[in-house]
Amino acid sequence: MLVIRPLQERDLDDLMTMAEAAGKGLTTLPADRELLQRKIDMAQASFNQRCEPEAGLFLFALEDTELNQCVGISGIQARVGLDEVFYNYRLSTTVNASRELGVHVQTPTLHLTNDMTDTTEICSLLLSGSHRQGGNGLLLSRCRFMFLDDFRRHFSEKVFAEMRGVSDAQGQSPLWDALGSRFFDIEFSEADYLTGIGSKSFIAELMPKYPIYLPLLPESAREVIGQVHDNTAPALRMLQAEGFNFNGLVDIFDGGPVVEAFIHNIRTVRESVNRHVLIRHKPLELDVPAEERVMVSNRSFRDFRVTTVPATCISPDTVSLPPEVAEVLEVESGDLVRLAPLKDGGPLPIHTAPGQSR
Ligand SMILES: CC(C)(COP(=O)(O)OP(=O)(O)OC[C@H]1O[C@@H](n2cnc3c(N)ncnc32)[C@H](O)[C@@H]1OP(=O)(O)O)[C@@H](O)C(=O)NCCC(=O)NCCSC(=O)CCC(=O)O
Ligand SMILES: NC(=[NH2+])NCCC[C@H](N)C(=O)O
């Protein structure tokens, strides 16, 4: 069975293996054992409410209970830019017009901003290659929206994701080569790694403060602005299906797009329903396609758990769970759980009785 739970101490080795396999460019998950250990500690402090709410870093592990192994990770950073400055470029238009000369030139420009300050970020989505199938990526990404909605007071109303931008197999980024490298005498992979481990003051010290006129950059750099890395296309597709849209900001190093949504508009949030658990000793048909499965969350802050069950388990006011599923979710008969479709598309497989509130 695959289950989402808070990231724990014992996940360090699995996390390190996944980060190493992912290669460079996943800013928040560099293959640095000490940093990953610090992230686990921060996640534990956040779930146990041992840190300031704004400093919360909620990291979720996807555990394969048969392998007893962490096979994926995803995260929520409660607020960005409060401890350290958070940068983006805003893609704007500057118009130079002269009625006298009959000239009207629109020039795309990049302006350095801190517009996402004090906003919640979803981040660090990574699934082990062996488990990229059967809707596991969807579970890993979407479980976060159930958590965000159930514990809204910990987060901002709007959430965003910075998507990984274009770089090649050698870690070269066309935007970095044309822009960043002119101001920082280091490679893109090193600059990215330094921001990932939290050494960010060099950005403030070295980044150009004046707007950048895009026609002055080479075509190779212009064309990657707002584009994602090939490996990140599925992550973007999943967010778009949840209602996230490009907000006009891009990453200052590789030009990857920033997408955002208001929590109340996110599809998983809108389509969730609550049901009481009914434990039933009936074998569960596990081989059900993603379209016919629903996510079930135990709604616990500290011991958050999510797994999937076939939509046929749901009745108008209960959800029947076999004992082994109830056990991994840490729920008992009568507990209230939250359900949402795993995959978008097709009719919602959750039946609400007439007159019953969701
Ligand atoms: C992102 C995940 C976890 C996604 O898992 P899977 O690859 O198993 O996903 P999937 O179910 O196969 O695909 C999800 C959806 O994307 C579609 N899809 C697949 N390949 C595509 C492509 N090349 N272009 C456009 N869409 C594509 C699928 O059809 C499906 O949509 P339908 O359902 O419509 O069929 C994984 O690919 C991964 O670990 N990638 C490497 C790490 C990475 O780049 N992470 C994101 C960094 S950016 C980040 O972390 C911030 C964002 C965040 O935290 O969410
Ligand atoms: N791909 C990168 N490492 N970009 C650097 C900046 C990342 C992020 N916006 C910050 O200010 O922390």
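Guide: A strand is a DSSP run of E with at least two residues, and strands are numbered from the N terminus. Keep in mind that this is a predicted model.

Visitor: Which element gives the largest share of the lining of the second largest pocket?

Guide: Strand 13 does, with four residues. The pocket itself holds about 500 Å³ of space. It has 21 lining residues, and those closest to its centre are M1, L2, N136, L286 and R293. Two elements give two or more residues to this lining: helix 3 and strand 13 (306–310).

Visitor: How do I read two packed helices?

Guide: Use the angle between their axes and the distance between the axes. Take helix 3 (residues 136–150) and helix 8 (residues 233–241): their angle is about 45 degrees, and the axes lie 11 Å apart. That angle makes helix 3 oblique to helix 8. The crossing is right-handed.

Visitor: Which residues make the contact of helix 3 with helix 8?

Guide: Helix 3 brings G137, L138, S141, R142 and F145. Helix 8 brings M238, L239 and A241. By class, five of these residues are nonpolar, two are polar and one is charged.

Visitor: At what angle do helix 1 and helix 2 pack?

Guide: Apply the reading again. Helix 1 (residues 12–22) meets helix 2 (residues 33–47) at about 125 degrees, with axes 10 Å apart. Helix 1 is therefore oblique to helix 2. Helix 1 also passes helix 2 in a right-handed crossing.

Visitor: Which residues of helix 1 and helix 2 make the contact?

Guide: On helix 1, find L12, D13, L15, M16 and A19. On helix 2, find R33, L36, Q37 and I40. This contact has six nonpolar residues, one polar and two charged.

Visitor: Now for cavities. How many of 30 Å³ or more does the structure hold?

Guide: It holds one. The largest cavity contains about 40 Å³ of space.

Visitor: Which residues line the largest cavity?

Guide: Look for R142, E242, R267, T268, E271, P341, L342, K343 and D344. Sort them by class: six are charged, two nonpolar and one polar.

Terms used
Residues numbered from 1 in each chain as written. Chains lettered and ligands numbered in written order. Predicted model: local features only at pLDDT ≥ 70, side-chain atom pairs only at ≥ 80, totals over all residues. Heavy atoms only, no water. Axes fitted to C-alpha atoms, helices over the stretch in contact; angles between N-to-C directions. Parallel < 35°, antiparallel > 145°, perpendicular 65-115°, else oblique. Left-handed = near helix turned anticlockwise from the far one by under 90°. Contact = heavy atoms within 4.5 Å. Nonpolar A, V, L, I, M, F, W, Y, C, P; charged D, E, K, R; others polar. 1 Å grid on protein atoms, 1.4 Å probe; cavity = no way out; pocket = protein on both sides within 12 Å on 5 of 7 lines; lining within 4 Å. Points joined across faces, edges and corners; volume = space filled by probe spheres on them.
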